[in-house]
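Visitor: I have a structure open beside its sequence, and I would like to be walked through some of its features by question and answer.

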Amino acid sequence: MLVLNFIVNEILSKPALLVGLMALLGLIALRKQASEIISGTLKTIIGFMILTGGAGIIVGALTPFGTMVQAGFHLHGVIPTNEAIMALAQKSFGAPTAMIMGLGFVVNLILARVTPSKFIFLTGHHLFFMATVLAVVLGSAGVTGVNQIIIGAILLGTIATIMPAYVHPFMRQVTDDAPFALGHFNTLGYIISSLIGKVTGNKSYSTENLKVPDRLGFLRDSLVMTTLTMIILYLILALAAGPQALAQFTSGGNYIMYVVIQAITFGAGIAVILAGVRMILAEIVPAFQGIAEKIVPNALPALDCPTTFPFAPTAVLVGFIASLIGGIVGMFLMGPLGLALIIPGMVPHFFDGGTAGVFGNATGGRRGAIIGAFVNGLLITVLPALLLAFMGSFGLANTTFGDSDFCWAGILTGSLAKLGIGGLYISVVIICALLLALAGWITLRGQADKGTANS
């Protein structure tokens, strides 16, 4: 347990070190010189730390945003925050979570080796979150000990393999077939956004081609437009919430100037993320050729959702706003549906909604980005409310998991756990086999379409 806890807590749960380890193995497999190995590994780790630092800046800037929404609309309820519910769960389920995560990553590597879905899930903190969901749901259903760990690891490894495969046909459209995949557990939202964009929009009318008058030419810079939009949103919410709602943040300063600075800080966070993504992709993609050649043939790294942001930065902002509106609409549907009130969490709506906007834009342009992200906002409001029923005592906490894949996986696992241990094992094996078969078919079909296009 000491060794496993060290591996899980000090390596696998830290995306920078996990991806750095993969880059190291890939460069060694390619028999690069020691200087290239050291340089490539360190630059990969540094790139991820830059990305993480940018994400931290954005999360910090969004903290008062959520407070203003609650104060301005006088809301009290459950706020989906992955980090918060994970921290609470570790007190009761820390050991099984570590075991599930460690063994689940091994299952992912094995499945990537033996199935057509050659995706290695490298977003370590999302593996940790999913392992926590599975540990909590299984434990709350009375499935504990070895059975909890085995079932959890099989499910985690399978989900980490199939979700990048399911979304990859759309990911190829987003990135113009770049040699990496998406590893982020809001994949259901991205798939739905892509399908909605395909049905309702026209990808020729991209968010990135918005026409701007010459006198407003500075708005063609997506970073400037994002920052100005956030300044306007922050000012509107600050005026609605009033100075007392922000007193805990301002330390006696002017609350209007405070929110303006936070909005500008948000823009700075976006700039840092984009710089980190460029650095990661410059290093990890060549290094991963070694993994693909020697360890898991034709493997692709499945990376965090901000890696999609540089391909459509305007769609990120559009998706965030549309997803947030969807979350607010969904919030008012909770009462009639008889569900717990889910208050929109700014972090999932930015990262999930922004990425949903990118995918909707890739298949349906501006309309796809707006409608697809709006539906994503509804999805990450309703599903967390449904998940609460399967979380035992944690269902009474004032927070829960926010991303769609955590929710559907928890609901499915909790439902299967009602079948008893024997029924649970049989159903999990059958369902995982079917999901892997579908993922393999999607992957092989994508490869065939790619070969046809190239020829």
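Predicted model: local features only at pLDDT ≥ 70, side-chain atom pairs only at ≥ 80, totals over all residues.

Visitor: Is Leu30 buried, partly exposed or exposed?
Guide: Leu30 sits in the loop between helix H2 (15–29) and helix H3 (34–73). Buried would require under 20% relative accessible area and exposed over 50%. Because the relative accessibility of Leu30 is 23%, this residue counts as partly exposed.

Visitor: Where is Asn298, and what is its phi?
Guide: Asn298 is placed in the loop between helix H10 (255–295) and strand S4 (300–303). Its relative accessibility is 60%, and therefore it counts as exposed. Asn298 is a residue other than glycine with a positive phi, near 65°.

Visitor: Which strands are at the edges of the open sheet?
Guide: The sheet is open and formed by 3 strands with parallel pairing, in the order S2-S4-S3. An edge strand pairs on one side only, and this holds for strand S2 (119–121) and strand S3 (181–182).

Visitor: Which residue of S4 is the bridge partner of Phe121?
Guide: S2 and S4 pair in the parallel sense over 3 bridges. For Phe121, the bridge partner in S4 is Ala302.

Visitor: Which helix lies across S2, S3 and S4, and at what angle to S2 does it run?
Guide: The three strands named make up the open sheet, in the order S2-S4-S3. The helix lying across them is H6 (residues 145–175), which runs to S2 at about 115°.

Visitor: Which element gives the most residues to the lining of the largest pocket?
Guide: The largest pocket has a volume of about 880 Å³, and of its 39 lining residues the closest to the centre are Val59, Thr81, Glu83, Val347 and Phe351. Two or more lining residues come from each of H3, strand S1 (79–80), helix H4 (82–114), helix H5 (124–140) and helix H12 (346–387). By class the lining has 21 nonpolar, 14 polar and 4 charged residues. The element that gives the most, with 12 residues, is H3.

Visitor: Which element gives the largest share of the lining of the second largest pocket?
Guide: The second largest pocket has a volume of about 720 Å³, and of the 30 residues that line it, those closest to its centre are Phe119, His168, Arg172, Leu300 and Gln447. The elements giving two or more residues are H6, H10, S4 and helix H14 (420–454). The lining divides into 18 nonpolar, 6 polar and 6 charged residues. The largest share, 9 residues, comes from H14.

Conventions:
Residues numbered from 1 in each chain as written. Heavy atoms only, no water. Helix = DSSP H or I, 4+ residues; strand = E, 2+ residues; numbered from the N terminus. Buried < 20%, exposed > 50% of the residue type's maximum accessible area, 1.4 Å probe, protein only. Pairing = 2+ DSSP bridges. Contact = heavy atoms within 4.5 Å. Axes fitted to C-alpha atoms, helices over the stretch in contact; angles between N-to-C directions. 1 Å grid on protein atoms, 1.4 Å probe; cavity = no way out; pocket = protein on both sides within 12 Å on 5 of 7 lines; lining within 4 Å. Points joined across faces, edges and corners; volume = space filled by probe spheres on them. Nonpolar A, V, L, I, M, F, W, Y, C, P; charged D, E, K, R; others polar.
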